[in-house]
Each structure stands twice: as structure tokens, then as C-alpha cells.
Amino acid sequence: MILVTFCCRNFRSFSELSWDLPLGLVVLAGPNGAGKTNLLEALAVFGNLTSFRPGSPTSWVLHGQAAFTLRGQLQQGDTSLVLEQHARLGRTLQRTLFRGGRQVRAAEYLPLFPVATLASHDRDLIFGGPEHRRRLLDRLAFHLKPQVLDILLRYRRALRQRNAALARGQATSLDAFDREMAHLGAQLVDARLSTLRLLDQALEEELAHLGWLGAKPILRYHAPEGPAAHAAGGEQFLLLQLRRLRGQELARGHTLVGPHRHDLGITISGRPAREVLSAGQAKLLATSLRLASVAVTAGMRKVAPLVTFDDVDAELDGAVLSRLLPRLATLSPQVVVSTAHPEVVLPSCPEATVVCVQGGTLAESERSRW
Amino acid sequence: MDLRPPSLRVLMEELQKLPGVGPRSAVRMVQYLLKAREEALRLSQALAQAHRQVGFCPTCFLLAEGTCAVCDDPGRDKTVICVVEEPVNAWAIEATGEFKGLYHVLLGTLDPLRGIGPEELTVGKLVERVAAGNVEEVILATNLTVEGEATAHFLVQLLRPKGVKTSRIAFGLPAGGEISYADTVTLARALVARRGME
């Protein structure tokens with residue numbers, strides 16, 4: 001769906017904002033601290049209920065305020081839909097979600113308007129811990145098959161309960177949670193594997209678009225307990241592993257096997273990508289992974305998500321930018337990128353609309369100004 | 001300065017301990033009860049009476065005054081026991097009019113995060129009832145939460161060696177519900193648990 005109008009109140013630095021989004025590529029221009037990232041974050045929270053920035057969700061509320069509201073009018077053909085999100089500050093952030101005025105649960109809200117967020121943190125996909133790569137797979141799996149969210153949440157709950165049983169030495173409860181964990185864990189691994197196959201196919205194309213030089217990165221699902229964890233009969237295998245490691249787990253007080261410890265291995269010529277890539281190459285590969293997940297989502301859903309890219313020119317040279325920006329524009333009908341250096345970015349996207357961000361307000365700007 | 005008389009302050013504090021009652025709801029309730037004094041008196045008497053007389057059925061742990069109406073009913077099928085988490089779950093099943101067997105209330109689920117293991121539930125009494133003979137089937141009607149499913153798994157492992165049949169209630173679309181309004185999770189489960197139709 002296309003986001004026609006976006007309104008936010010009391011989000012980060014924006015006390016009141018209403019924005020009629022143009023189609024195509026939009027370049028948010030402004031100096032550091034102008035609010036460009038805050039606006040992209042508002043779009044991410046509106047669509048995904050989560051941010052691409054680290055930190056507590058309580059920091060999303062404008063300082064001195066107790067609540068924020070995000071509201072968007074979506075359009076697809078003749079169909080129009082309003083999504084709305086109210087968040088109130090308590091010990092945690094209490095959120096209520098509305099679809100066309102009707103209150104809905106997160107599981108119903110989340111598939112409606114996914115936002116693909118690219119940012120400088122994306123290099124964590126290469127250099128960071130396995131949780132970053134698992135999150136990439138799990139989010140994509142959810143957009144392809146919404147029930148993955150339920151599987152993931154239930155798996156996490158079963159894991160927490162099992163860890164509590166281990167820490168308290170409640171051996172009698174462990175068998176029951178072993179079965180639940182193995183059952184949900186196997187479903188989660190299945191969903192990740194089918195997602196990975198699609199991601200792997202799409203990655204090759206995105207690397208070619210961005211002008212990747214050298215050997216093709218190889219993506220491989222990695223389970224420390226061995227490849228049987230992601231072969232047929234994975235549920236039974238995981239159950240056996242949980243039983244086998246029971247003694248060690250009781251001693252340590254937490255669960256040592258399962259998809260919460262799996263990884264998406266990325267190698268180049270047989271070596272881990274993090275050991276062979278420079279910062280710029282890692283950014284390029286991470287960006288390609290993100291673009292591949294956008295392409296997969298668009299292919300499966302027939303409508304591409306809104307794509308945002310914070311600080312688009314960071315760590316990427318002019319040649320890559322000149323390939324990246326047109327590629328973004330072909331992947332999605334709505335792309336919003338931010339930059340503090342529009343003079344670097346604009347030559348690569350002659351059709352883009354330039355919006356100037358300053359002091360919590362937006363204004364369309366003449367390209368010639370930059 | 002707090003203008004509320006001490007007795008009202010205590011009443012409001014006690015009301016706020018009830019689930020779903022916040023400070024504003026407590027004020028509204030107190031305002032109403034002070035105006036409708038007859039009703040307030042009947043409410044306090046009903047509360048005191050319920051507190052005095054209602055306890056758990058010693059056999060099945062339904063809420064009852066002494067033994068429960070289900071255990072006392074000679075017309076119930078004593079070969080089938082439906083296991084639920086809380087008495088309210090049994091009330092809902094009984095309201096369907098479809099179930100003619102006996103109940104067993106666990107008074108919770110396995111919940112290690114809250115320190116609840118089998119010993120904190122009425123599992124021992126359930127095993128005793130099954131071991132006493134006569135029971136042919138135990139229907140596990142715990143909720144479809146992680147804890148409810150784990151408790152069902154636990155009971156299956158516990159009861160299977162006793163030679164009793166165990167079954168799990170089905171989950172799917174609500175009656176009268178439209179498929180297009182069902183959430184994806186419910187719909188996916190309904191598809192997995194589909195049944196043959198002649």
C-alpha cells in the first residue's frame with residue numbers, strides 16, 4: 001500500500017507534523033540534528049512498531065510529553081485505509097493500535113504496512129553478533145508468513161519458562177517445556193530455512209545491481225548442534241539434544257541448544273565475511289541483504305514495502321550511490337532517504353523530490369538550492 | 001489535604017486491588033454504593049456469605065459449597081474427566097451442554113517463571129482419581145498458551161502409563177465467525193486441525 005499522508009504528534013523532536021508523501025524517491029536533506037532520522041524512525045515505528053535505532057521505546061515520546069500518536073492514510077487502488085497508533089508513557093510504553101478505527105492486536109496490525117529500514121547500523125549484519133542476522137531472517141519470514149510471529153513469540157516464552165525451570169532446578173517441569181520448545185523450535189527453523197532460500201536467490205541479483213566485485217558471499221544456516229537441527233525430523237533431534245544436555249543446562253541454569261542460538265553464516269571464499277571485508281564492503285553487502293529482503297517481500301506480497309535509508313551516503317562511494325539510488329526507486333514505489341550532504345546524493349537521483357527538514361518542520365525544496 | 005473519610009479511603013484501596021479497577025473506577029463505584037445503600041448492603045452480605053460458604057470441591061476443585069453439583073450428580077459419565085486450568089473454564093464448557101462427564105480443575109498451569117510446578121497444582125489428586133479406576137478418558141482442556149500446552153504435555157506423560165486415553169480439545173474458528181475477519185494465527189490453526197467431511 002502507498003502511504004498518502006503521515007501525521008505524528010509528540011514523537012521525538014516533532015510536536016505536530018502532517019506530511020503528504022510524494023511517490024518515488026524522496027531525499028530528506030538537512031544538517032545534523034535537524035530531525036531527519038527522527039522522521040524515518042517515526043515511519044519505522046508506524047509500520048513495524050519498532051525502530052532501527054537502539055534504545056528504549058520510552059525515548060520515542062517528545063521530552064516533557066506523556067504520549068505520542070502516529071497516523072497514516074494508506075491507499076491501494078480504490079481502497080483506502082487509516083492506521084493509527086497511540087502510545088502512552090508508563091513504566092513501559094503502552095500502545096493501542098487501530099485499523100480503520102477498530103482496535104486491533106499487533107499480529108493483525110504488523111502485516112498491513114511493513115517498512116524496510118536501512119541504516120548505518122546495518123553493518124552489524126556482517127560484524128555484529130548472530131542476533132542481528134537472526135532478526136533479519138525472522139522479520140522477513142514474518143512478512144512472508146504472518147503466523148511466524150506467533151511461533152517466534154511462543155518459542156521465546158517457552159524458552160523463558162524453560163530457563164526459569166532450569167534456574168530453579170524444577171526438573172519435573174522441564175520435560176513438558178522441552179516438547180513445546182522442540183515443537184516450536186522446529187517450526188521456526190523451517191520458516192527460516194525457506195526464507196533463506198528466497199533471500200539467497202535475491203541476494204545475487206542485488207549484489208550485481210550494486211556492482212559487487214569479487215567472490216559471491218555464501219549464506220548458510222548454522223546450528224551449533226549440527227546440521228541435523230535443520231534437516232527433516234528437526235523436532236525430534238532438538239528434543240533429544242535438550243534431553244542430552246539436561247545435566248549441563250541444570251548446572252548453568254539456561255538452555256544451550258535451539259534456534260535462539262542459531263546463526264546465518266556469511267562466508268566469502270570459505271572465510272567468514274567479517275574477517276575479509278572492509279567497512280565499505282561490509283556496508284555494501286549489508287545493504288544488498290536488505291535490498292534482497294525488500295525484493296523477496298515485494299515478490300511475495302505483490303506490493304513492495306516503503307523503504308527508508310538513514311544517512312544514505314555514509315561509507316558508500318559515489319559509484320555505489322549512483323547504482324543504489326536508482327535501484328531503490330525500482331524496488332519500491334515509495335523510498336525516503338536522508339542525508340546531510342544532498343550535493344553528494346542528488347546527482348545520482350535526478351527524479352527525486354527534495355524535502356528540507358529543519359526544527360521539526362518539513363518544506364519541499366528546489367533542487368537547484370543544493 | 002485528603003478529604004476522604006478513613007473508611008472510604010480503605011474501601012477505595014480495597015476496590016483497586018480487584019482486577020481491572022483503577023483509581024477512577026474505584027471512585028465511581030464508591031459514589032454509586034453510597035447512594036444505593038440497600039444494594040451496597042446486599043453486596044456486602046453476598047460477599048461475606050460467599051467468602052464463608054464457597055470453597056473448592058474436595059474431588060474436582062470446582063468452586064462449590066461442600067461437594068460440587070457435578071460430582072454429586074449420579075447421571076454424569078464418570079469414565080470421562082475434562083481437565084481445565086480454572087473453575088471459570090469449566091463453567092464455559094458446562095454452558096455448552098455438550099459435556100456430560102466430570103471435571104478436574106488444576107488451579108493453574110506449570111509456570112516456572114512464577115515458581116509454579118506440579119506440586120502447586122492439583123495434579124496429585126488427578127492422578128489419584130485416575131488410579132482409582134473407572135476413568136477411561138481424560139480430555140485436556142488447558143488453554144492454548146505455552147504454559148497450557150506444556151501442562152497438557154506433562155499430563156499426557158504422567159497419565160499414559162496408567163492406561164487411560166488422553167485427548168486434547170480442538171482449536172479453530174469461532175462459530176458464526178467470518179473467515180475474512182479471523183486473525184492469521186487462528187486461521188492457520190484451523191487449517192492444520194481441519195477434519196474430513198463426507
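Visitor: Which residue is the bridge partner of A:Leu83 in E6(A)?
Guide: First, this is a predicted model: local features need pLDDT of at least 70, side-chain atom pairs need 80 or more, and totals for chains, interfaces and linings use all residues. Residues are numbered from 1 along each chain as written, chains are lettered from A and ligands numbered from 1 in written order, and side-chain values use heavy atoms, without hydrogens or water. Seven bridges join strand E5 (residues 79-89) of chain A to strand E6 (residues 93-99) of chain A, and the two run antiparallel; strands are DSSP runs of at least two residues, helices (H or I) of at least four, numbered from the N terminus, and two strands pair if DSSP finds at least two bridges between them. In E6(A), A:Leu83 has as its bridge partner A:Arg99.

Visitor: Which residue takes a positive phi in the hairpin of E6(A) and E7(A)?
Guide: E6(A) pairs with strand E7 (residues 102-104) of chain A in the antiparallel sense, over three bridges. Two residues sit between the strands of this hairpin. The one with a positive phi, near 55°, is A:Gly100.

Visitor: Which strands stand at the edges of the open sheet of six strands?
Guide: The order is E8-E12-E13-E3-E14-E15 (chain A), with mixed pairing. An edge strand has a single partner strand, so one side is left without a neighbour in the sheet.

Visitor: Is A:Asn38 buried or exposed?
Guide: A:Asn38 lies in helix H1 (residues 36-48) of chain A. Its side chain makes a polar contact with the side chain of A:Ser13 at 2.8 Å; such a contact is a pair of N or O atoms within 3.5 Å, where within protein one must be able to donate a hydrogen and the other to accept it, and residues adjacent in sequence count only through side-chain atoms on both sides. Buried means under 20% relative accessible area, exposed over 50%, and partly exposed in between (1.4 Å probe, protein chains only). At 12%, A:Asn38 is buried.

Visitor: How are H4(A) and H5(A) oriented to each other?
Guide: Helix H4 (residues 130-144) and helix H5 (residues 147-168) of chain A pack at about 135°, with their axes 6 Å apart. Axes are lines fitted to C-alpha atoms, for helices over the stretch in contact (heavy atoms within 4.5 Å), and angles run from 0 to 180 degrees between N-to-C directions. Under 35 degrees is roughly parallel, over 145 roughly antiparallel, 65 to 115 roughly perpendicular, and the rest oblique. H4(A) and H5(A) are therefore oblique.
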